[in-house]
Structure formats: structure tokens, C-alpha cells
Amino acid sequence: MRVAILGCGYVGLELGRQLTAAGHDVIGVRRSDEGLDAIEAAGFDAVRADATDAESLSAVPDVEWLVYAASAGGRSVEAARVAYVDGLRTAVEAFDARPSSPDRLVYTSSTGVYGDHGGDWVDESTTPDPATDRQRVLLEAERVALEAGSIDGTVVRFGGLYGPNRYRLEYYLDGPVTEGYLNSVHRDDAAGVVAYLLETDRVRGETVLAVDDEPVSKWAFADWLADECGVPHPPKQTVEERAADGEVSRRVRANKRCSNDYLHELGYDLRFPTVWEGYRPAIDAFRAD
């Protein structure tokens, strides 16, 4: 199949590598020279285009599969709306209007749309309750993806992404670490889930959580990392203690455990089932320094 990955960044590059290795014709789409160079270095075709500009998207050839994995150019709500809602809507309208439109669309979202559940479990049946305006924008973009004209949309909600160049060891080792659950997915599995859903033709018109097998206590994880790296345990804070030091956002207060039961029912096998396995390369590199 031919697939275009719009916003071909951290996850998109790995997705492109996996799909190329599986024999698919992959096109990575970015706006910058640096982004285009990264795509070519990953071993597949690069096309310059801006998802918010329908005319520039004409440079992207017809594809059977379309993946929208764009990231916002800034932390503001407006930047998020432009990247996630406006860009996705523009891309959907542009590709849907073609005589040969894509058969599938996958939009990569976030488990952040669930908001706070007091540490309780959430899954695909749980009604989202975004904690921030930015997360509400993500939920709005999900609706755009699932109502994508003649294109069958799929939403994949990623847990916290980690992996090469994104382990954030210093955050956990230096602290202070705020209490709560960590719901994670390794970059290779985030890409692997999208590739699997496309190749097995699963979850059309649906949403699936892409998280690993074990939500972990941030405190327990930080102490384990410290032990494995041979350093003292980091300082820790409750949400209330952090609030005493200043305002705490609703995003920080949001606490939940994300279930991947549906992902397992679909037959996907995680390459890194938990952070205990996934962080091993970062620990080994730290100890080698």
C-alpha cells in the first residue's frame, strides 16, 4: 500500500521505517528542511507540504492510507488548534475531494483527553473529560477524524511517549517527582500499533488506546530508576505539597490508569510491555557514562 504520514516526526519516522520494512510505499510529509532530511535519513520518500494549506498538499501523491501525526508548533491552545483541528480538517477535505481518495485515516491523539479519574481505570468506553483547553482541542480533532467524509477514520490515543532521545531520566532522577500514575508507550510500540491497525484493517470508525501493560506509580518508578542507575532516591511531592509551592494545573492533577485490554484483544503484541523493559537502554547508557 501507499501511505502518507503528515507531520512525520518522532512517531511518524519510526512508523515510516516499519512500514517501509514491511514493503509499503511510504511518503513522509514535513514543512522544514530539517524534517525532510530526517525523513530521507530514515529511508523513505519526503515531500514538503503544510497540512494547513490545501494547495501545498497537492504535492502529496494519492495514497490508500493517510496518517495524521502532526505536532503543534507551540504550547498555546491556538497553536494546538491550528495543528490538530485546522490542519486535520484541511487534510481530510483536500484528500477526500480527490478522485482517488484514501481508504483509511489514522489520527494520533492522547490519553490526556480523559482528564482526571482519581487513579481509577479508563478504557475506550470511558467518556473523555479533558482537563485543559489543549486537551479539549485534541478531542475536537478526534471528532474530525471520525467524521472524515468518505475516508474511514481511526483514532489512536497514545499514552506518554518515550524512547530514544526521549527518556527524560533527569526528571525522575533529580525530582521532585509528583505523585500519580504514569501511563506510557514506547515510541516503537506507538508506531507499531498504527502499522498493525492499518495492515490488519482493524478499528475502522473506532478509537483504541495505545498504552503498555502496566500503569506505574511515578514515585515507585522514580525510586526503581534511581536504584538501577546507582543514585539516591529523588525527592517527591504530593499534589497538595506541589500546590503549596505554587499553582498546579489540572493537567498535573489528572490521575488515571489506562487499560490496553482492547489492544490485546485486537492481537497486538507489545515490543516493550512495560517501562521496566523499555527504560533499560537509558539505564545502561547512564551507567556507562
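**Packing and pairing in a predicted model**

Q: Which bridges join strand 4 to its neighbours, strand 1 and strand 5?

A: Strands here are DSSP runs of E with at least two residues, and helices are runs of H or I with at least four, each numbered from the N terminus; two strands pair if DSSP finds at least two bridges between them. Strand 1 (residues 2–6) and strand 4 run parallel and are joined by 4 bridges, and 4 bridges also join strand 4 to strand 5 (residues 104–110), again in parallel. Alanine 4 has leucine 66 as its bridge partner in strand 4, whereas tryptophan 65 has arginine 104 as its partner in strand 5.

Q: What makes strand 3 and strand 12 the edge strands?

A: The open sheet has 7 strands in the order 3-2-1-4-5-7-12, with parallel pairing, and strand 3 (45–48) and strand 12 (207–210) each pair on one side only.

Q: Why is helix 1 called oblique to helix 6?

A: The axes of helix 1 (residues 10–21) and helix 6 (residues 187–199), which come within 8 Å, cross at roughly 55°, and that makes the two helices oblique. Angles under 35 degrees count as roughly parallel, over 145 as roughly antiparallel, 65 to 115 as roughly perpendicular and the rest as oblique; they run from 0 to 180 degrees between N-to-C directions, with axes fitted to C-alpha atoms over the stretch in contact.

Q: Which residue classes make up the contact of helix 1 with helix 6?

A: Contact means heavy atoms within 4.5 Å, and on the side of helix 1 the residues involved include Tyr10, Val11 and Leu15, while those of helix 6 include Arg187, Ala191 and Val194. By class, this contact has 8 nonpolar, 2 polar and 5 charged residues, where Ala, Val, Leu, Ile, Met, Phe, Trp, Tyr, Cys and Pro count as nonpolar, Asp, Glu, Lys and Arg as charged, and the others, Gly among them, as polar.

Q: What makes helix 7 oblique to helix 12?

A: Helix 7 (residues 218–229) and helix 12 (residues 280–288) pack at an angle of about 40°, with their axes 9 Å apart, and that angle makes helix 7 oblique to helix 12.

Q: Why does histidine 186 count as buried?

A: Histidine 186, in strand 11 (residues 184–186), has 3% relative accessibility and therefore counts as buried. Leaving aside neighbours within four places in sequence, histidine 186 is in contact with residues including Tyr162, Pro164 and Phe272.

Q: Is glycine 23 buried or exposed, and what relative accessible area does it have?

A: Glycine 23, in the loop between helix 1 and strand 2 (25–30), has a relative accessible area of 64% and is therefore exposed.

Note on methods:
Residues are numbered from 1 along each chain as its sequence is written. This is a predicted model: local features need pLDDT of at least 70, side-chain atom pairs count only at pLDDT 80 or more; totals for chains, interfaces and linings use all residues. Side-chain values use heavy atoms; hydrogens and water are left out. Buried means under 20% relative accessible area, exposed over 50%, partly exposed in between (1.4 Å probe, protein chains only).
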